[in-house]
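Subject: Structure for you to look at

Hello,

Here is the structure I said I would pass on. Please open it next to this message and follow along.

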Amino acid sequence: MRWDDFRASDNVEDRRGEGGGGGGFGFPGGGAGGLGIGAIVIVLIISWVTGINPAILMGGAEQITGGGRPREERVDPDTQAKRRQAPTDQTGQFAAKILGNTEDVWKEILPNQTGRQYTPTTMVLYQGGTRSGCGQAQAAMGPFYCPLDKKVYLDTSFFKEMQQKFGVKGDFAYAYVIAHEVGHHVQDVLGILGKVDSRKQSAGSEREANQLSVRVELMADCLAGVWAKNSNDRWNSLDQSDIQEALNAASAIGDDKLQEKAQGYAVPDSFTHGSSEQRMRWFLTGYKSGQTKSCDTFRAARN
């Protein structure tokens, strides 16, 4: 992948080297003991929409309570200024340039294809742990998008983990991971996450809720393909080996493969992100069409 000519995004917070992010947001008596039933329900809904472990989200739920005012992390001006400095290492520069390219693509095609203006997300780079609007971000969670603060969180060691645990490597495999999380932000901009939120509130079973989560994730895969197609049309930055790298990544993190690796068998009703075949297919759907309208994963005939 030829990414050196991409514009680096200014919307990057580099929190690496800050010592793991501290203890997160606390509650009286510890844990989630101070939460009311309403707040817990909200946390569970957000978990359904984002795929984030609800136990993690409980750590950030004070932003939902407390008189309706979000509790913000206190950061001194010097720390904030340091976070906003452009990364100087190769991994940080790569992430910033991929994010910048997603901005350049989506701000052009989203208005043309949907009539909506694109508002960029911010990417937080960290190591080990940090605070997010959805609670404590930890490396074990993998990359995720938090709709409460509209930021993408990425522990950059995840790229090394992709190589060591899943045998997946290559610049475009890593770019696909970033583009997938940006895809969730696109869903947020389009109001899709809010609509899924409403549908999950009325879901009749955990299986039905899981199926909605799968469709959200597959749509993000498809939107990553839409970005790749439009980026390549303009910058001619990809070749066939790059596409294969993305497919390898999509396959490696399919629910079926992850479950089979962890427990020896897969339970489709418990899937929250989609099978390997689904994730590869939907990425290719977006890549072949280059159109957001091709990413309607909620049609029952396209599962």
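Below is what was found in it, from the whole chain down to single residues.

The mean pLDDT of the chain is 83, and 80% of the residues reach 70 or more. Over residues 21–45, however, the pLDDT is below 50, although this stretch has 41 contacts in the model beyond near neighbours in sequence. Residues 53–71 also have a pLDDT below 50, with 47 contacts counted in that way. Where pLDDT is low, the predicted coordinates should not be read in detail.

The whole chain

The chain contains eleven helices and six strands. It has 303 residues, and 51% of them count as buried. How many of the contacts between residues at least 6 apart in sequence join residues at least 24 apart? The share is 74%.

The sheet and the helices on it

Four strands make up an open sheet, in the order S1-S2-S6-S5, with mixed pairing. At its edges are strand S1 (12–14) and strand S5 (144–146), each of which pairs on one side only. On average, neighbouring strands of this sheet are turned by 25° against each other, ignoring direction.

Strand S2 (residues 122–126) and strand S6 (residues 151–155) are parallel and share five bridges. To find this pairing on screen, look for Val124, which stands opposite Tyr153 in S6. In a regular strand the side chains alternate between the two faces of the sheet.

Helix H4 (residues 90–114) packs on the sheet, where it touches S1 and S2. The direction of H4 makes about 165° with that of S2. Helix H6 lies across S2, S5 and S6, and runs at about 25° to S5.

The hairpin

Strand S3 (residues 129–132) and strand S4 (residues 135–138) run antiparallel and are joined by four bridges. A hairpin of two residues leads from S3 to S4. Ser132 has Gly135 in S4 as its bridge partner.

Helix H11

The buried residues of H11 are Ser276, Gln278, Arg279, Trp282, Phe283, Gly286 and Tyr287. Their cover includes helix H6 (171–189), helix H8 (206–235), helix H9 (240–252) and helix H10 (255–263). After H11 comes Gly290, which has a positive phi near 70°.

Asn210 lies in helix H8. Is Asn210 buried or exposed? Its relative accessible area is 9%, and the cut-off for buried is under 20%, so Asn210 is buried. Leaving out residues up to four places away in sequence, Asn210 touches Asp269, Ser270, Phe271 and Thr272. Phe271 is 61 residues from Asn210 along the chain, yet their C-alpha atoms are separated by 6.3 Å.

Ala252 belongs to helix H9. Beyond its neighbours within four places in sequence, Ala252 is in contact with Phe166, Val168, Lys257 and Leu258. The C-alpha atoms of Ala252 and Met162 are separated by 8.8 Å, and these residues are 90 apart along the chain.

Two residues with positive phi

Most residues other than glycine have a negative phi. Lys150 has a positive phi, near 60°, and is not a glycine. Where is Lys150 found? Lys150 is in the loop between S5 and S6. At 40% relative accessibility, Lys150 counts as partly exposed, because the value lies between the cut-offs of 20% and 50%. Asn236, also not a glycine, has a positive phi of about 50°. Asn236 is in the loop between H8 and H9.

Regards

Definitions and conventions:
Residues are numbered from 1 along each chain as its sequence is written. Side-chain values use heavy atoms; hydrogens and water are left out. Buried means under 20% relative accessible area, exposed over 50%, partly exposed in between (1.4 Å probe, protein chains only). Contact means heavy atoms within 4.5 Å. pLDDT is the predictor's confidence in each residue, from 0 to 100. Two strands pair if DSSP finds at least two bridges between them. Axes are lines fitted to C-alpha atoms, for helices over the stretch in contact, and angles run from 0 to 180 degrees between N-to-C directions.
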